[in-house]
Amino acid sequence: MRDPKIPLIPERDHNKSPVLECVGLGIDFGGLTAVDDFNITISPTEICGLIGPNGAGKTTIFNLLTKVYNPTRGSIFLEGKNTKRYNTKDVNKEGIARTFQNIRLFKNLTVLENVLVGLHNEMDYRLFGSIFRLPSYWRSERIARERALELLSIFNMQDIAEHKAGSLPYGSQRRLEIVRALATNPSILLLDEPAAGMNPAETESLMEHIGQIRDTFQIAIFLIEHDMQLVMGVCEGVAVLNYGKLIAKGTPSEIQRDPRVIEAYLGTGGQADA
C-alpha cells in the first residue's frame, strides 16, 4: 500500500517543481472537522482524480484551494507560493481555475460572452480607453473575441457562439463552463464532477478532451468525479478521501486493489468496481 503522503509524479514531470501542494490542510465548522491533515502534491502536467463516498469532503477541498473557505490549519502552496493571504480573486489570477457541481454560467449572456468574462485577466486596456472607445479598446476586444472562439473550438462550440448559454443542453453547458475556466489561463484546472448529467457518449468525449486540454495547455488537472470509468480511464494519480481524511493515493490500478479504498466504498473485502 502506497503512503498517500508520498507524491506520485508522472515521469515527464520529474525534476519539476509541483504546481500545487497541500500540507496538513484542515478545516473545522464549529465542532465538526470537515477535512483533517490533507496532504497532496500535484505536478505541473498531472491529471489527478479525487474520489470518495458522498460527504467525504471533496468539494470542501476545492473550496479551500480556491479560498471560498480559509483553512483552520495547514498550508496551500501554488507554484511554491503560500496562498495564506490570498482571496478568491488572487487565487484565480495566480493560476487556479475551477468549475462547480452546480453549473454557474451567465445564462442570459451568449456562449461567447461567457468566455469573454473569463478572459478579463488578459484584457489590455484601461477604464479611460473603454469609456472613450479608443483604438486600444477595439484592439483588445478583437483579440479577446478571437481567443474566445479559439477556446470554444476545443469542444467544437464556435458555431454556437451567439446562442444564449441558458438555451444549451446540459452537457454543452458543462463544456462551456470548462472553456470559461480555461479562459483565465490557469496553471491548474479544478473540475468538480465534470461528467455529471452527461450521457455515456458525452462522457467518452469528455475523457478525450481532458487529455487534449492537458496536452494543449500543459497544465495540471485535478478532478472530482463519481464516474469511475472516467476516473480510471483518464487520471494518472487518484487520491481517495474518506471522512475528511486522505486514505490513499496511487495509480488507478493501485487504488482499485487498495483494501482501505475497498472498505471505504463497500465496507468489506472484494475489488472495487472500476
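Helix α3 crosses helix α6 in a right-handed manner, meaning that the near helix is turned clockwise from the far one by less than a right angle. This is a predicted model, in which local features need pLDDT of at least 70 and side-chain atom pairs count only at pLDDT 80 or more, while totals for chains, interfaces and linings use all residues. Residues are numbered from 1 along each chain as its sequence is written, and side-chain values use heavy atoms, leaving out hydrogens and water.

The two helices pack at about 30 degrees with axes 7 Å apart; axes are lines fitted to C-alpha atoms over the stretch in contact, and angles run from 0 to 180 degrees between N-to-C directions. Here is who meets whom (contact means heavy atoms within 4.5 Å):

| Helix | Residues in the contact |
|---|---|
| α3 | Val 111, Asn 114, Val 115, Gly 118 |
| α6 | Leu 176, Val 179, Arg 180 |

These residues divide into 4 nonpolar, 2 polar and 1 charged, with Gly counted as polar.

Now to the strands. β1 (residues 20-29) and β2 (residues 32-42) run antiparallel, joined by 7 bridges; pairing takes at least two DSSP bridges. Phe 29 stands opposite Leu 32, and in the hairpin, with 2 residues between the strands, Gly 30 has a positive phi near 65 degrees.

Further along, Thr 45 sits in the loop between β2 and β3 (47-51). Thr 45 counts as buried because its relative accessibility is 3%, where buried means under 20% (1.4 Å probe, protein chains only). Its side chain makes a 2.6 Å polar contact with that of Arg 12, a term for N or O atoms within 3.5 Å, one able to donate a hydrogen and the other to accept it.

Conventions: Helix = DSSP H or I, 4+ residues; strand = E, 2+ residues; numbered from the N terminus. Buried < 20%, exposed > 50% of the residue type's maximum accessible area, 1.4 Å probe, protein only.
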